[in-house]
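I opened this notebook to keep track of what I looked up in one structure. The entries follow the order in which I checked things.

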Amino acid sequence: MSKTTKKKPAPKSKSKRNPTKRKSALKPKAKAAAGRQADAPVTIDLSPVAFDASNSTIPEVLPVLPVRGSVMFPGTIVPLGVGRPASRKMLDESLPKSKIIALFSQKDEEVENPTADDLHPVGTAAMVLKLIRQPDDNISLIVHGLGRITLEEVTQTKPYFKARVKTPTERPGSGKKFDAEVDQLRDQAHDLIDLSPSAPEQALTVMMNIDDPGTLADFLGANLALDIEQKQDLLEEFNIAKRIRMVHVHLSSQLEILRLQEKIQEDVQSSIGETQRRFYLREQIKAIQKELGEDEAGGDHTITQLEKRLEEAAPPGKVMDEAKREMDRLKVIPPASPEYSVITTYLELIADLPWNKISEDNLNLDRARKTLDRDHYGLDKVKRRLIEYLAVRKLNPQGRGPILCLVGPPGVGKTSLGQSIADSLGREFSRISLGGIRDEAEVRGHRRTYIGAMPGRIIQELRRAGTNNPVMMLDEVDKLGSDFRGDPSSALLEVLDPRQNNAFVDRYLDVPFDLSQVIFIATANYIGNVPPALRDRMEIIDLPGYTDPDKLIIARRYLVPRQIKENGLTRAKCKWLSSGIKKVIENYTREAGVRELERQIGSVCRGVAAQVAGANNGRKRRKSATVDDVFVREMLGPEQFERDLDTRTVSPGVALGMAYTPFGGEILFIEATKFPGKGNVTLTGQIGDVMKESASAALSLFKSRADTLGYDVMKLAELDLHIHIPAGAVPKDGPSAGAAMYTAITSLLLDIPVKKSLAMTGEITLRGKVLPIGGVKEKTLAAARAGVKTILLPAKNKSDMEEVDAQVRKKCTFHFVENVDDVLKYALGKIGKRKR
């Protein structure tokens with residue numbers, strides 16, 4: 001047997017407790033119902049009785065009573081309600097022979113007719129002390145737990161259960177550590193009983209008289225407010241030392257909850273008492289002031305605090321005069337008036353704005369360059385312009401810098417560049433998303449005469465930033481709208497004009513605020529959607545898309561490490577090879593930026609994480625993974641994009657054009673076909689009016705030059721032409737596809753296919769001239785991503801080659817064309833003179 005713990009003398013009375021009701025951690029009384037403890041109150045003998053093998057021997061075979069909703073512990077006396085016919089029959093037949101039965105708790109108490117598999121394997125042998133038959137044929141039992149038993153074999157199932165059981169051998173605890181744990185458990189139980197308001201008065205005396213550690217653990221386990229599974233775990237633990245520790249954990253948790261409840265109750269009562277005292281004193285002060293004829297609002301605490309905060313904010317003189325005027329109004333307005341809260345909110349805004357709080361700039365240009373290089377790869381032109389801007393700020397701190405507007409497709413790092421600028425300068429960073437804003441009041445604020453009025457987004461962000469010179473990002477400025485509530489882009493004209501924004505007046509604030517120290521950086525996907533007046537106030541910096549080699553480096557340096565960390569992996573568990581990254585770039589993404597690339601990399605990393613964690617997702621478990629092109633194919637499924645330029649342009653009548661969209665450059669397959677008809681032309685592919693006119697011009701140009709090309713123009717009267725631009729769900733427009741349309745028509749009618757991997761762009765005239773176009777940088781990037789080797793550009797766009805990415809210039813061959821004859825020379829080769 002284990003060494004008995006030292007008894008603690010029971011106190012004469014319980015410690016004083018707050019009479020306020022709280023949830024008790026100790027169950028005050030047992031409950032019984034049909035197959036579970038009853039709801040009606042039953043007097044319980046709390047004195048535990050340890051099982052003594054010399055007095056009561058547990059038979060090897062016992063009738064089994066399945067118990068729902070409770071766990072019986074050895075040494076406890078509890079009532080049970082019996083309602084099931086099989087259980088009543090078992091009692092009627094078994095009790096005349098032996099008062100000892102086996103109690104096993106059901107795993108699922110909703111099962112009405114349990115089998116052996118529905119019972120927990122460990123239960124309690126119990127002696128029936130009393131049986132009471134109820135008028136409704138139900139039976140109430142008073143049972144005494146004798147000892148733990150294990151269910152070895154079911155010997156009978158009908159009409160009730162009988163089973164062969166075995167008394168397990170319990171492992172006693174020993175040693176000083178064990179004795180200390182028992183003493184600590186007893187002390188904590190003492191504290192728990194003191195804090196529990198509904199614990200029976202004799203519980204402390206009973207607990208202190210228990211010598212055996214195992215019996216102490218069973219007593220506490222039976223009376224703690226635990227769920228069925230937790231109690232069953234205690235019953236199934238035969239190692240007394242472990243059982244003591246398990247009870248200790250549950251008891252500590254419930255003791256902590258009771259202590260928190262006690263503290264919360266004390267705090268609430270203290271708060272209520274303090275509030276009542278302050279209210280009483282305040283009413284007395286008001287009564288005294290009324291008798292003295294003094295202004296009762298003059299000593300209001302809120303006004304005093306506002307005056308103090310305004311003095312600390314130290315706004316400019318005119319602003320302070322306006323604040324004092326409003327403060328004087330506030331002093332004569334009763335606190336219950338709606339105007340009182342309006343003025344209070346207004347004065348709080350003035351007090352919170354950073355009139356004189358300014359961040360000290362860190363104008364270390366080397367540090368700024370390192371910060372930009374750390375956060376972004378490439379973008380040399382953008383970085384150079386930002387460094388120039390910081391250099392000017394360093395030489396002329398009081399000068400008015402330009403408003404920068406970063407223009408580029410999604411995912412190239414426009415927004416994060418603003419954060420990097422703020423980090424390099426040591427300034428606060430604020431971001432205002434302008435996408436979808438249609439109300440001018442979002443920028444200028446609402447007048448205070450309106451209910452629910454609030455300042456505009458500019459003033460709100462300055463209040464949050466806490467300084468008057470943050471870096472403020474105006475995101476998606478090209479997606480501003482306008483309606484009957486005004487034009488937000490017009491409201492931005494004052495904000496983004498360096499010569500006017502030193503006295504910006506928000507309608508809610510109604511006093512000027514100096515925005516000249518704020519660095520405004522706008523972003524846009526397509527500068528064409530920005531109103532001309534607003535565009536004129538900003539310096540445009542283009543951010544082109546990334547080439548495949550750029551994306552490979554960005555994925556290695558930034559995207560892969562970030563996704564590995566976010567998905568709980570390490571480089572050892574998820575090793576990415578270059579072939580895996582290239583596979584994702586070429587076959588699962590087609591974008592100018594890297595946003596979709598990061599999503600696909602994250603998808604692969606999540607698949608690796610699932611395999612490492614052992615998730616049952618249809619794939620074998622592994623400790624680590626090497627991500628190559630085969631592994632990527634396994635994780636992401638079939639390729640989403642195929643570079644099929646050569647196969648699609650092998651037939652006559654197909655030419656490859658280039659287009660510019662707000663999401664970067666794109667390539668266009670322009671297809672033409674002919675069939676017998678009456679000279680009609682059909683245009684499909686959801687193309688706009690300008691592109692339809694380009695198709696008409698291309699056909700007219702071909703007719704005018706048919707003799708030169710050796711084609712009988714009279715044949716066109718017997719043919720119908722159909723010009724189609726695939727990806728019909730995407731709207732397309734613009735004149736730059738004219739050269740490609742002319743080439744497609746010529747290729748079809750002369751039956752000469754366009755050379756492989758060749759793309760072109762340029763507007764054509766009816767005289768055969770090829771006019772310059774825009775978006776050269778974005779279009780050439782898209783062509784290079786698609787695998788184009790030869791690019792035809794208008795001759796007047798030759799000066800734009802400086803803007804073309806160096807990798808694209810190296811990868812592709814460029815030809816500059818003056819007219820459509822030059823286009824056909826490079827696209828179709830030498831054309832014979834015979835009639836076709």
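Entry 1. I began with a charged pair in this predicted model: Arg243 and Glu170 form a salt bridge, and their closest N and O atoms are 2.6 Å apart. I then looked up where the two partners sit. Arg243 is in helix 6, while Glu170 is in the loop between strand 8 (162-166) and helix 2 (176-195). The pair links distant parts of the chain, 73 residues apart.

Entry 2. Arg243 has 1% relative accessibility, so I list Arg243 as buried, the cut-off being under 20%. Glu170 has 31% relative accessibility and therefore counts as partly exposed.

Entry 3. I looked for a further partner of Arg243. Arg243 also forms a salt bridge with Asp218, where the closest N and O atoms are 3.4 Å apart. Asp218 belongs to helix 4 (residues 213-223) and Arg243 to helix 6, so I noted the positions as a link between distant parts of the chain, 25 residues apart. For this pair I recorded both Arg243 and Asp218 as buried.

Entry 4. I moved on to Glu639 and asked which residue it pairs with in a salt bridge. The partner is Lys583, with the closest N and O atoms 2.7 Å apart. Glu639 is in the loop between helix 20 (629-636) and helix 21 (645-648), and Lys583 is in helix 18 (residues 578-587). This pair, too, links distant parts of the chain, 56 residues apart. Glu639 counts as partly exposed because its relative accessibility is 25%. Lys583 has a relative accessible area of 18% and is therefore buried.

Entry 5. I looked up the total and found that the structure holds 37 salt bridges. I also noted a network of salt bridges that links Glu322, Arg325, Glu326, Arg329 and Glu339. As a reminder to myself, side chains of opposite charge can pair when their charged atoms come close.

Entry 6. I left the charged residues and looked up a nonpolar patch. Which residues form the patch on the surface with about 260 Å² of accessible area together? I listed Leu260, Ile264 and Val268. Leu260 lies in helix 6, which covers residues 240-292; Arg243 is in helix 6 as well. Is Leu260 buried or partly exposed? Leu260 counts as partly exposed because its relative accessibility is 46%.

Terms used. Residues are numbered from 1 along each chain as its sequence is written. This is a predicted model: local features need pLDDT of at least 70, side-chain atom pairs count only at pLDDT 80 or more; totals for chains, interfaces and linings use all residues. Side-chain values use heavy atoms; hydrogens and water are left out. Patches are made of residues with over 30% relative accessible area and no salt bridge: like charges are joined within 9 Å, nonpolar side chains (Val, Leu, Ile, Met, Phe, Trp, Tyr) within 5 Å. Accessible areas come from the Shrake-Rupley method with a 1.4 Å probe; for residues, only the protein chains shown count as cover. A salt bridge is a side-chain nitrogen of Lys or Arg within 4 Å of a carboxyl oxygen of Asp or Glu. Helices (H or I, at least four residues) and strands (E, at least two) are DSSP runs, numbered from the N terminus. Buried means under 20% relative accessible area, exposed over 50%, partly exposed in between (1.4 Å probe, protein chains only).
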